Protein chains: 4
Amino acid sequence: MKRGTLKSDIAWATPTKVVVHGLDLCEDIVGKIDFGQMAFLQLFARLPDERELRMFNAMMVILVEHGITPSSLATRMTYCGAPESVQAAVAAGLLGLGSVFVGSLDNAARLLQEALPAGREPGAVDAMGRDIVASYRARKEIIPGVGHPFHKPIDPRAPALFKVAEETGFAGSYVRLMKSIGEQATAQAGKPLPVNVTGAMAAVASEMGIPWKICRGLAVSARAVGLVGHILEEMRQPMADELYLRTEHEASAHLVPGAVS
Amino acid sequence: MKRGTLKSDIAWATPTKVVVHGLDLCEDIVGKIDFGQMAFLQLFARLPDERELRMFNAMMVILVEHGITPSSLATRMTYCGAPESVQAAVAAGLLGLGSVFVGSLDNAARLLQEALPAGREPGAVDAMGRDIVASYRARKEIIPGVGHPFHKPIDPRAPALFKVAEETGFAGSYVRLMKSIGEQATAQAGKPLPVNVTGAMAAVASEMGIPWKICRGLAVSARAVGLVGHILEEMRQPMADELYLRTEHEASAHLVPGAVS
Amino acid sequence: MKRGTLKSDIAWATPTKVVVHGLDLCEDIVGKIDFGQMAFLQLFARLPDERELRMFNAMMVILVEHGITPSSLATRMTYCGAPESVQAAVAAGLLGLGSVFVGSLDNAARLLQEALPAGREPGAVDAMGRDIVASYRARKEIIPGVGHPFHKPIDPRAPALFKVAEETGFAGSYVRLMKSIGEQATAQAGKPLPVNVTGAMAAVASEMGIPWKICRGLAVSARAVGLVGHILEEMRQPMADELYLRTEHEASAHLVPGAVS
Amino acid sequence: MKRGTLKSDIAWATPTKVVVHGLDLCEDIVGKIDFGQMAFLQLFARLPDERELRMFNAMMVILVEHGITPSSLATRMTYCGAPESVQAAVAAGLLGLGSVFVGSLDNAARLLQEALPAGREPGAVDAMGRDIVASYRARKEIIPGVGHPFHKPIDPRAPALFKVAEETGFAGSYVRLMKSIGEQATAQAGKPLPVNVTGAMAAVASEMGIPWKICRGLAVSARAVGLVGHILEEMRQPMADELYLRTEHEASAHLVPGAVS
């Protein structure tokens, strides 16, 4: 049988040493770098400079928590059945971070990165935004990264992230293109469709050189942190049991003979 | 039907605002606090002071990455079948963080927190350690948090974490008790069983007031960050396909008539 | 490096053939054996006879569905965020099948199989049941497989399963011991604690020679079938969105300034 | 707040009764219907007739098992870290059943169901197949349900399934269209691209009236059954540990100073 290679450049260990992306875990990492730097290191195989770190931290903190969501409810439902498997409760909450909730992050990042491949001169970004919006509208496709069903007229997280991008020097062509898409979407649809949090993250991630295929991973690891907070609260102040019993009662009331719902 | 309440104190949102643990996400969090502070905020519902943050970061970075493990292989195997679901690949890698790999973290934290309930005077920690070890040995149970199959004679991550605990003032009774357990285990077993990384984390987490039932959550969210790095590498330099084909070939060779393995 | 072996006896394939537990998938399985036989084949590496199949089917169908549960809600919450990943929605629903909901199945099977190891003469089963109950009560531990919070005074699924066991010749010592445990629990506690569905399954699985460590797997694969039904209904008649919005509203009402809940 | 309804028609229960799709679990299901009928009941809300059942069973058994795959390895890796969570090990193996391995099932079913909407006369199926293939080729898209990287020149599972379809009266327009697509793909590509197992399943599922969006669910629940077999084997004859240690050694050998791989 032909043999391919199995090769990983991330880490290696001896009995007395662990090395991650070239840094000695015990000498250079523990006590020296923080959680945000470590997350950056995992993605870029190098440590960030100060402005990179500030931008990256802003992206990581923004999706940690959004209260009671389908994701946090899946975690709480799982915890109530398997409290001995905290890892499974976190995993259950991550599994719904798909096309509906964070898919627009990948889609927006892809749109931006395909419109402006690395190394290519940005050219007339405004014209590009107009054409992109027109072509999505012609195909009756949803434009990723703009509009929000709840945060109206504007998702406040987008300007918050763009502000940090300005301050750290990451407000480049991708950010301008994303903003142009939001403006054009608003103009062409005749209703407010400003950049939302995933659009802003997509633009900033693209500025930092993060490939669109892995953007969802940022959201997923941020949310893993958030879900631990929900498990801790569910331990102390549970809601899963009450919620499922109520739901069971209401949802099947029409089936139970003689039941008063 | 009796109605219980559904109540969460973590976050709330209006169309123009998101508030997490009392902090305005867009005003007070994004661009102001970093990923480590955010993770602390989720657990403690308040921001850390400087020494708390340094200790907490040390715990969070230490379990992010340990190279090719069953956990990172489960992630890579899942990614190779469902590259459109990065969230599922991360989740798959978390699911094996159970009794064998991180269970000793909870178990050690439970042991410590039950031996020294919050508010109780520590008393003679050394005698306590001796008795704990003797009682585990009498019951022929594994003592959590000591010894390591690969990192011999000593898991270098434990002293690295304890060093930060000394520097930040978190080397209190739980740390002393854990060290005593390692020393006693070594003495009573007649072979090196020093504190390992999960024992050290358990001690430090106990010092910080983290309930033992949620300790595994720290490891799980740290690992979520690490697994994103493995997915990124698997995208660029895949190994899952080669590895499963090799394994399929070798594992079934004895069944295939006339096959030469 | 020392090399162990990688060996699996389950299946092998050539380009023109797939063989599972010695049966040719295309010649001997498809169109010849049914889903219940196939599940039996996976567990026992042989086909069942008629009475084994009837007993096994009874166990498999009994846990497929129990309406709206934390498990089916986790599936629905996940589907609403990631409708493109049906596999993730099923997985999320399985993850909560832990110590609270199906753990008693493993625990009861373990209790039975350790009390009556294979090959050992059953002896006085009634005395054994009395002693087991007394010893659990002395240790203040929950006796697995008896009592039910909702199905009172008796879980109707237990006698239904035992009836099939009588009819198929599987009502042996394990079934008698489990019944004795239910009777003794009732007598010693002075309140009805009859055998429940997991107790009955544990007894029957033990009769069939299924190791206790894998019993939960039966429940898990049965439930995977059930969860697909919930996804199909969620597609046509969704409830996840409404449920999470209601919950978010109610749970955070006390935090929102000026909100009327 | 506007209130929607929470409604499920699948099951209801009282303390003494459980009813699933109108059948009394204890009276009409346990001991009366088998696992295949139960799975059909969950999907169709009615019991199958004999020929439906035979066809359905053939679909369910065909994807239960295919030996060592990325899916079964993810299960084994997870089990080795969390043997107490059999449900998590099954879930981990399901998570990779995405676009690469079973996605072609949904895609082929969608293609067929959109080409021949329910109730529409099939018309000239051969011409339809030719046009479909031509249009996929013009768009340089992969035609779902044809060709197989390993099972060459023909995936033996496809004719096995089609044979049962002939025998049970399910070889209608969808089956003819799928076969035509395989023939046309072969002709237009100039290399063998016959219908594969997912193409055959897609055709048969379409004949039975199963919506394409839920087709993957069939594969997922079948595989859940198969993965339990892998866990049982991993308990008795483990390979996960050896496999990960080998992989870790080989993959990081180039990083370790002075290591001889």
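D:Ser8 is a buried residue in this predicted model, and its relative accessible area comes to 3%. Along chain D, D:Ser8 sits in the segment that precedes β1, the strand running over 11–14. The side chain of D:Ser8 has a polar atom that lies 3.5 Å from the backbone nitrogen of D:Ile10.

What does D:Ser8 touch, if we leave out residues up to four places away in sequence? From chain A, the residues in contact with D:Ser8 are A:Ala251, A:Ser252, A:His254 and A:Leu255, and from chain C they are C:Ile68, C:Arg76, C:Glu233, C:Gln237 and C:Met239.

That brings me to chains C and A themselves. The contact between them draws on 30 residues from chain C and 30 residues from chain A. As a general point, the size of an interface is often expressed as the accessible area that is lost when the parts come together. For chain C and chain A, the buried area is about 2,400 Å², with 69% of it on carbon and sulfur atoms. Of the area that chain C buries against chain A, 20% is supplied by C:Ile68, C:Pro70 and C:Leu95, which is more than any other three residues supply. C:Ile68, you will recall, is also one of the residues that D:Ser8 touches.

Turning to the polar side of this interface, ten residue pairs across chain C and chain A are in polar contact, with both partners at pLDDT 80 or more. Two salt bridges are counted between the two chains, and in one salt bridge the side chain of C:Arg246 meets that of A:Glu250, at 2.8 Å from N to O. On the side of chain C that touches chain A, at least two residues each come from α4 (70–81), α5 (86–95) and α12 (240–252) of chain C. By residue class, that side of chain C divides into 18 nonpolar, seven polar and five charged residues.

Technical notes:
Residues numbered from 1 in each chain as written. Chains lettered and ligands numbered in written order. Predicted model: local features only at pLDDT ≥ 70, side-chain atom pairs only at ≥ 80, totals over all residues. Heavy atoms only, no water. Contact = heavy atoms within 4.5 Å. Buried area = accessible area lost by both parts, 1.4 Å probe. Salt bridge = Lys/Arg side-chain N within 4 Å of Asp/Glu carboxyl O. Polar contact = N/O pair within 3.5 Å; in protein donor to acceptor, adjacent residues only side chain to side chain. Helix = DSSP H or I, 4+ residues; strand = E, 2+ residues; numbered from the N terminus. Nonpolar A, V, L, I, M, F, W, Y, C, P; charged D, E, K, R; others polar. Buried < 20%, exposed > 50% of the residue type's maximum accessible area, 1.4 Å probe, protein only.
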